[in-house]
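Please read the following account alongside the sequence and the coordinates. It moves from one chain to the next and ends with contacts between chains.

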Amino acid sequence: MAQFVARTERSGNIFSRVTGLIRAGQLSWSDRPLWYDVYVSSPPLSPPDWNVKLAKHGEPIRPIFYEEDVLRAKFYKKYRNTAAIQIDSSKQSISQQFLNEYQIIKNENPTEENKEEEEIFEKTEKRLQENGITLK
Amino acid sequence: MFRAIIRARPVKQFVECRAAYSTPESIIDFVDSVAETSESQNKSFASLLRHSKFMQLGDFNGRLVVGKIAQRIQDDLYIDFGLKFNAVCKAPSVGSESYRSGARVLIRLLDPELSERFLGSNKDLTLLEADAVLVRLLSNTNIARKPKVPAEKEADKPEIPAE
Amino acid sequence: MIRFISRRSIGTTMQAASMASPMSSNSDIDSSSVRKIGKALETYLKHSKQNIAMMEKHRSEFETGKRHLAKMMSLDIHELDQKAIDRAIEYLFPSGLTDPNARPVMRPPDEILPRFQRFEFDEEGRPEGSRFFTLNPKIYGLLSEIGMKTQSVMKFYDEHVGSRNVNKNDLDVANLSGSQWITHEKMKKKLHEKFSNEMYAQILIAFENLAQLQGSSIEHKFLMEYREPLTASTGSKLFGPSIPTVQICAETNRRYAEVVTHCKDTRTTVRVFDAGKGKFNIDGIDLHDFRHLQSREILLAPFIVSSTLGRFDVNATSVSISAETPEAPNRIQKTSIGGQSSLPRAVRHGTSLCIAALNPECTEKLRLSGLLTLDPRKKERSKVNQPGARAKWIWKRR
Amino acid sequence: MSRVILRNFIRNFSSASATVPRTATTTVTQPDSTTLQKATVQPTVLKPYVSKSLQNEQDLFGFEKAVHIDEMFKARLHFGHKIGTVHENMKWALYGERLGVCIFDLETTKKYLVRALNFIAHVSMRGGMILFVTSNRDSMFDVEKAAEEVNQYSHVRKWQSGTLTNTRQLLGASVRLPDTIVFMSTLTSLGESHPAIVEATKMAIPTIGIVDSNSDPAYLTYLIPANDDTPNSTEYLLRLFKMAVKKGQEERKRQQQQEPGK
């Protein structure tokens, strides 16, 4: 098969070139390449042509931000070198515990909406200090 | 958002994990990892990402991160701290013997990937390396570990350019 | 039966001999499940089967030839090893050809016939060896082996640097003193594969890197496989007689060295004594008795170069080479005394060799100034119709 | 322009793997030229003509269940390079960028990975030769060990141009070429895409490539958008590839026992 496949990789993807050979009768259906059937049963999800522009070509990439990022930034600004984060292990990082506490306190007293973040901030700090996490 | 209660893991995996961890230090990891994997078995990628440590890092400049020394060549330390690339730091002159591969160190992460856009090129040139400053040694490994070490996979050294 | 069979093998160039053990030749390739192999591959499989049959035939011929040879030379078939065969062939077919490769030879066909194909396919046409597509699998295999061993050594060192339960000498650098890496040619022969010089340089870099690692003594055996003892290649050899050994003279208890050298037609045996006053005794003649200034300068040259004037005594005896060799019966013996400079130059060559023996540190100076090399020039024979070797009779017009 | 629209329409049509009304004839018929014409655009049209084993099953080897999102997350498959180095044609695979670092969407990565594993398993089931290629010097030995383990082929060294296209001169004989080439990292150290990709497409050899956010997915048939620099991720992907090849080989042995038995 390899002898007479046209070595022009830009003329089309490999499947269309081999199918063209079969259609033209140069390559009989029985000795089609080994991967041909597999390609037919599960074709690639993205079009394999070399010059096609895939989706989202040229569009800006979506930045990933969450609401708790604001709070986290404030926390980090205040406590620059709190305990280090170990990415591999699953231990809760200090900032995450801080955020969880913050959330808990916020839910405890949903009534006073006007309570500013500062108060909740101090409350969570006190709460954390109680159960032994030193904040530097 | 309480943490979901730990569901019972399939026993086979449980036993096999316990055999692989023997030192005290890694038993704590093991317990945590069991909690973590069982809980995030069916989580979607979005929620996984949201709760991942990478997001908890916030902005990188100057964040204290715990890393493990993957490789040491003469006195360059390749520190693997969980992100895509290893940070390369110089071993300090004092007590540089204890900075062996496998030791845990504290580093201050400046940039997860050093990449620069030079004049006239439309793409950045990346060094495939993270930029970090070595702060101090956390735990030395070969004293704490028994000789039989659970086989941690270490990033190997780029071999001589055998082109 | 001894003839050089040249045949066009499918591999146009006869690559280095390599794994050509006969291919697994199970005949029926069940074509139903196996994809039809390409046309070129079928011819290849056919050729290789023919080659195996042909090699079988030649091997059996060789065996019968050996039996005939044993009978002819009335030797026992069992002691007929390759050396005995070579001797027998040389006796039966004496040949004056100077090139040893051109002389008739009787060797097993595997050594003589061109290797059929240097790599192997199984019946489905799959090449053997996982690095086949890197075009030189053996060398890259070796490089990968070195790379993996480098990693394991570094890991071993890091794990065991502090702990006590490993013996000390495992942790230091492998000592490879007294040996050097094998040469490019030897490595080609060892790996059965041709490779370029850059590749050889890469391998040496990788080996050096592995050898200088801390803790690389655990890989000592692996490293020594690719090293040869240093003495294998000796230093540069002198042209002519080599530097003699120093002996102690019985009566005067002084160190001396003796050497036999020759220059043109004079052969001299020179003996130089240490702790002397610079006296010369050549056939009884002192230095100042030589008539020509140039002869004296020639004799003093080695002492000036090695700056050891007046520290050695030289006595030499000379003899004419042509006088010694017996002439043909009808020729009269030629009793010539020899020229003006052949005796001093022969003695100079002898003294400089002995000085190099007595204090070796100035050997290099003497060698560089060319005093240690023999001068092979001899008198050119004179030709007929000519007065001398090159001169011609005076040409007269009429 | 119409070609592009048609393709997008086809792409999500084919991914929904519509079932083609299967003709009742059981004999392997030859597809006529019109179906072949249609097949170039939509390959699944040829399904009825393809060999039996491939038609009915959807996931013969069960890769859908073998690949878990959290395992991929733990193996750090979702990390990409900086947005400065992103390749325009790789933006479809990105979930977003977090402070300059691109993050792959593991959901799409899983879909593409399962399809690539399926392809590898089927090719190795049919006795195909698989060549693992990488130019990433950290993982070169792992790739070689993996290839030797499943007795397939590996090429981790400098790629000599013409290795696939010019075998007659370089190797002295025309050699059976690999049936699929798996690229563990598609970029060379200079940042250009690996020369073997074009050679494979010239010889019509399907290629599976692990494409990072800065690599060019052109010419590759099956893509796997994932992180190809970290040792953990290459090791995880190698484990999956080895499993796929082994499953294919076992399936092949089982079928061979059945066939002579029939």
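The model is a predicted one.

Strands of a sheet pair through backbone hydrogen bonds, in either a parallel or an antiparallel manner. Strand E4 (residues 130–133) of chain D runs parallel to strand E6 (residues 180–183) of chain D, and four bridges join the two. Within this pair, D:Val133 stands opposite D:Phe183 in E6(D). E6(D) is also joined to E7(D), by three bridges, and these two strands run parallel as well. Here D:Val182 stands opposite D:Ile208 in E7(D).

How many of the five residues of strand E7 (residues 207–211) of chain D are buried? Five of the five are, so the strand is largely enclosed by the rest of the structure. D:Thr207, D:Gly209 and D:Val211 point one way from E7(D), while D:Ile208 and D:Ile210 point the other way. Residues on both sides of E7(D) are buried.

Chain C has 11 helices and seven strands. Of its 398 residues, 20% count as buried. Among contacts in chain C between residues at least 6 apart in sequence, 72% join residues at least 24 apart. Chain C also holds an open sheet of five strands, in the order E3-E4-E5-E7-E6, with mixed pairing. Strand E3 (247–248) and strand E6 (280–282) of chain C are the edge strands, and each pairs on one side only. Two bridges join E3(C) to strand E4 (residues 255–263) of chain C, and the two strands run antiparallel. In E4(C), C:Arg255 is the bridge partner of C:Ile248. Helix H10 (residues 342–358) of chain C lies across E4, strand E5 (266–273), E6 and strand E7 (313–320) of chain C. H10 runs at about 145 degrees to E4(C).

In helix H3 (residues 68–78) of chain A, the buried residues are A:Glu68, A:Leu71, A:Arg72 and A:Phe75. They cover an arc of only 100 degrees around the axis, which puts them on the same side of H3(A). Helix H4 (94–108) of chain A is included in what covers these buried residues of H3(A). The face of H3(A) turned away from the buried side carries the exposed residues A:Val70 and A:Lys77.

In soluble globular proteins, nonpolar side chains tend to be buried together. The largest nonpolar core here has 118 residues, and those with the most contacts inside it are B:Ile79, B:Ile107 and D:Ile120. Helix H6 (residues 106–125) of chain D supplies the largest share of this core, 11 residues. Not counting residues up to four places away in sequence, B:Ile79 touches several residues of chain B, including B:Ile69, B:Val105, B:Ile107 and B:Ala132. A second, separate core of 25 residues includes C:Val272, C:Phe312, C:Leu343 and C:Cys354.

Contacts between chains complete the account. Between chain D and chain A, 55 residues of chain D are in contact with 40 residues of chain A. H6(D) gives the most to the side of chain D that touches chain A, with seven residues. The residues on this side of chain D divide into 25 nonpolar, 18 polar and 12 charged.

Chain B also reaches chain D through B:Lys123, which touches D:Gly84 and D:Thr85. B:Lys123 lies in the loop between strand E5 (115–116) and strand E6 (125–126) of chain B.

Key
Residues are numbered from 1 along each chain as its sequence is written. Chains are lettered from A and ligands numbered from 1 in the order in which they are written. This is a predicted model: local features need pLDDT of at least 70, side-chain atom pairs count only at pLDDT 80 or more; totals for chains, interfaces and linings use all residues. A residue is buried if 20 or more other C-beta atoms lie within 10 Å of its own, exposed if 12 or fewer, and partly exposed in between; C-beta atoms are placed from the backbone. Two residues are in contact if their C-beta atoms, placed from the backbone, lie within 7 Å. Two strands pair if DSSP finds at least two bridges between them. A nonpolar core is a set of buried Ala, Val, Leu, Ile, Met, Phe, Trp, Tyr and Cys residues joined through C-beta atoms within 7 Å. The arc is that of the directions from the helix axis to the C-beta atoms. Axes are lines fitted to C-alpha atoms, for helices over the stretch in contact, and angles run from 0 to 180 degrees between N-to-C directions. Ala, Val, Leu, Ile, Met, Phe, Trp, Tyr, Cys and Pro count as nonpolar, Asp, Glu, Lys and Arg as charged, and the others, Gly among them, as polar.
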